[in-house]
Amino acid sequence: MLNTPAAPAAITVPSPSRHAEGVSNDEFRDALSRLAAGVVLVTAQEAPLDPDDPGAPAGEDVGMTATAFLSVSLDPPLVLVSLRDGSRMDDLLDEQPMWAVSVLSESQRHIAGRFAMKGRVSDRLLFADIPYRRGEHSGAPLVGGALATLECRTEQRVAAGDHTLVIGRVLTARVPSAEGGPLTYFRGRYRQLG
């Protein structure tokens, strides 16, 4: 009887849509879409193009809808927002340490949708018909009618996969409007509680 060597074991290579751990991008997105999240507008103001020239155009206001936002610490007061690497807000907050957050109410779905658009060139028109005031520390827009507003200074940036976690110290926290419920995001759509 001849001894024949066993056939080599098949090599399994993860498909491009599956990670080495076995979960696919679609499976991950679908599972996490079941986690309801509050919706905020993160804002910051770009520096003037030429700060030494008083006649130079002022820096532009920039805004981004976020659902990956949370409280980190009470003492000191810290919050965290997750930004996609290479996004305009990620690039801006890498240079500009001052930023703001407006916690959106259920009646502000149009603002969330407007600032969630991808591939826009300028935010100037997006702010045009939205009531806001400027933060005293950040100079960033704080949306009128928001349930709460915060002004923050970046304390730490942490690389995390294809995102950057920006941890900010809260400099001001206000509750300008107690009316209405929060805007939430669940299963890929903006929703209201209740």
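Let's start with charge. A search of the whole structure turns up 12 salt bridges. Keep in mind that this is a predicted model. Why do such pairs form at all? Side chains of opposite charge can pair when their charged atoms come close.

Take one of them. Arg174 and Glu136 meet through their side chains in a salt bridge, 3.1 Å from N to O. Where do the two partners sit? Arg174 is in strand β10, residues 163-174. Glu136 is in the loop between β7 (132-134) and β8 (141-143). So the pair ties together parts that are 38 residues apart in sequence.

Now, is Glu136 buried or exposed? Glu136 has 55% relative accessibility, and exposed means over 50%, so Glu136 counts as exposed. Arg174 is at 36%, so Arg174 counts as partly exposed.

Arg169 is partly exposed at 26%.

There is also a network. Salt bridges that share partners join Glu46, Glu60, Arg88, Asp123 and Arg124 into one network.

From charge, we turn to aromatic rings. How many aromatic pairs does the structure hold? The structure holds 3. A quick word on how to read them. A pair of aromatic rings is described by the distance of the centres and the angle of the planes.

Look at Phe115 and Phe127. Their rings are 4.8 Å apart, centre to centre, with 55° between the planes, and the pair is tilted. Phe115 is in helix α3, residues 109-115. Phe127 is in helix α4, residues 124-127. So the pair ties together parts that are 12 residues apart in sequence.

Are these two rings buried or exposed? Phe115 is at 2% relative accessibility, so Phe115 counts as buried. Phe127 is buried as well, with a relative accessible area of 6%.

Phe127 has another partner, Tyr132. Here the ring centres are 5.8 Å apart and the planes stand at 70°. Edge-to-face needs an angle over 60 degrees, so this pair is edge-to-face. Tyr132 is at 33% relative accessibility, so Tyr132 counts as partly exposed.

Last stop, the surface. Which residues make a nonpolar patch there? Val23, Phe28, Leu32 and Leu35 do, and the patch is about 380 Å². Val23 lies in the segment before α1, which spans 25-32. At 33% relative accessibility, Val23 counts as partly exposed.

To recap, Arg174 pairs with Glu136.

How values were computed. Residues numbered from 1 in each chain as written. Predicted model: local features only at pLDDT ≥ 70, side-chain atom pairs only at ≥ 80, totals over all residues. Heavy atoms only, no water. Salt bridge = Lys/Arg side-chain N within 4 Å of Asp/Glu carboxyl O. Helix = DSSP H or I, 4+ residues; strand = E, 2+ residues; numbered from the N terminus. Buried < 20%, exposed > 50% of the residue type's maximum accessible area, 1.4 Å probe, protein only. Patch = residues over 30% accessible without salt bridge, like charges linked within 9 Å, V, L, I, M, F, W, Y side chains within 5 Å. Areas by Shrake-Rupley, 256 points an atom, 1.4 Å probe, with all protein chains shown as cover. Phe/Tyr/Trp six-rings, centres within 6.5 Å; stacked < 30°, edge-to-face > 60°.
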